[in-house]
Amino acid sequence: MVAGWFTDAEGPDFRLLGTRCAACSSVFFPREDSFCRNPGCEGGELEEVPLSRRGHVWSYTDGRYRPPAPYVSDPHVEWEPSVLVAVELTAERMVVLGQAAPGVSTADLAVGMEVEVVPGVLNEDAGTTWTTWHWRPVEVAE
C-alpha cells in the first residue's frame with residue numbers, strides 16, 4: 001500500500017505506524033509528516049509511533065461491489081465481496097478502517113468485539129506482492 005503506514009515485521013511485531021505531535025500529543029493515522037492536523041495546535045514536530053495492535057469493532061460491512069480505480073483488480077475475474085471493519089484502537093481511541101482477514105465474514109464479527117491487526121496481501125502479480133493490514137478477531141488468533 002503506502003510506505004511508512006505499517007512495519008515490515010511479522011507476528012506480534014506487526015503494527016500500524018502513525019505520528020504524534022510533540023506539542024499537543026495528538027496522534028494521526030494515516031501518518032502526517034508535514035504539520036500537526038490539530039487545528040488548535042501550532043506545533044510542527046512529529047514523531048513516528050507504533051499504534052495499538054488491538055482495538056474493538058466500531059462498525060463493519062461487506063463490500064459487495066468492485067471498487068473503482070485506483071483500486072487494483074482484474075475486471076475479468078469474478079468479484080468476491082470483502083469485509084470492511086472500522087476499529088477503535090485501544091490506546092489512541094481513534095477509528096481505523098481496514099479489511100477483515102481472509103476467512104472472516106460479517107457473521108464472525110460483532111460491534112465491540114476485540115480484534116487485532118495482522119499483515120495481509122492486497123494484490124500479487126508475477127514479481128510483486130503488495131502488502132496491507134487486516135483485522136482479525138482475537139478469539140481466532142490463537
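This is a predicted model: local features need pLDDT of at least 70, side-chain atom pairs count only at pLDDT 80 or more; totals for chains, interfaces and linings use all residues.
**Entry 1**

One of the residue pairs I looked up here sets E124 opposite T129 in β8.

**Entry 2: the three-stranded sheet**

Next I looked up an open sheet of three strands, whose order is β2-β1-β3 and whose pairing is antiparallel. Its edge strands are β2, at 27-28, and β3, at 46-50, each of which pairs on one side only. For β1, residues 17-21, I found two bridges to β2, again in the antiparallel sense, and I recorded V27 in β2 as the bridge partner of R20.

**Entry 3: the chain as a whole**

I then stepped back to the whole protein, where I found eight strands and zero helices, so that entry is simply β-β-β-β-β-β-β-β when read along the sequence. The C-alpha trace spans about 50 × 35 × 25 Å along its principal axes. Of the 142 residues in the protein, buried residues make up 35%. I also looked at contacts between residues at least 6 apart in sequence, and 52% of these join residues at least 24 apart.

**Entry 4: R15**

I looked for R15 and found this residue in the segment before β1. Is R15 buried, exposed or partly exposed? Its relative accessible area is 25%, and R15 is therefore partly exposed, since that class lies between the 20% and 50% limits.

Leaving aside neighbours within four places in sequence, I listed the contacts of R15 as F6, T7, P50, L51, S52 and R53. I also checked R15 against T132, which is 117 residues away along the chain, and their C-alpha atoms are separated by 11 Å.

**Entry 5: cysteines**

How many disulfides does the structure hold? I found zero. C21 is in no disulfide, and the nearest cysteine sulfur, that of C36, is 3.7 Å away. C36 is likewise in no disulfide, and for C36 the nearest cysteine sulfur is that of C24, at 3.7 Å. The cut-off that I needed here is 2.5 Å between sulfur atoms.

I looked up the accessibility of both residues as well: C21 counts as buried because its relative accessibility is 1%, and C36 is buried with a relative accessible area of 7%.

**Entry 6: the largest pocket**

Last, I turned to the largest pocket, in which about 700 Å³ of space lies. Its lining has 27 residues, and those nearest the centre are Y71, E80, P81, S82 and Q99. By type, I noted that the lining residues divide into 12 nonpolar, eight polar and seven charged.

Which strand gives the most to this lining? I found that β7 does, with four residues. At least two lining residues each come from β5 (82-89), β6 (95-100) and β7 (114-124).

Terms used:
Residues are numbered from 1 along each chain as its sequence is written. Side-chain values use heavy atoms; hydrogens and water are left out. Two strands pair if DSSP finds at least two bridges between them. Buried means under 20% relative accessible area, exposed over 50%, partly exposed in between (1.4 Å probe, protein chains only). On a 1 Å grid over the protein atoms alone, a cavity is a set of points where a 1.4 Å probe fits but cannot get out, and a pocket is an open set with protein on both sides within 12 Å along at least five of seven lines; lining residues have an atom within 4 Å of a point. Grid points are joined across faces, edges and corners, and a volume is the space filled by probe spheres set on the points. Ala, Val, Leu, Ile, Met, Phe, Trp, Tyr, Cys and Pro count as nonpolar, Asp, Glu, Lys and Arg as charged, and the others, Gly among them, as polar. Contact means heavy atoms within 4.5 Å.
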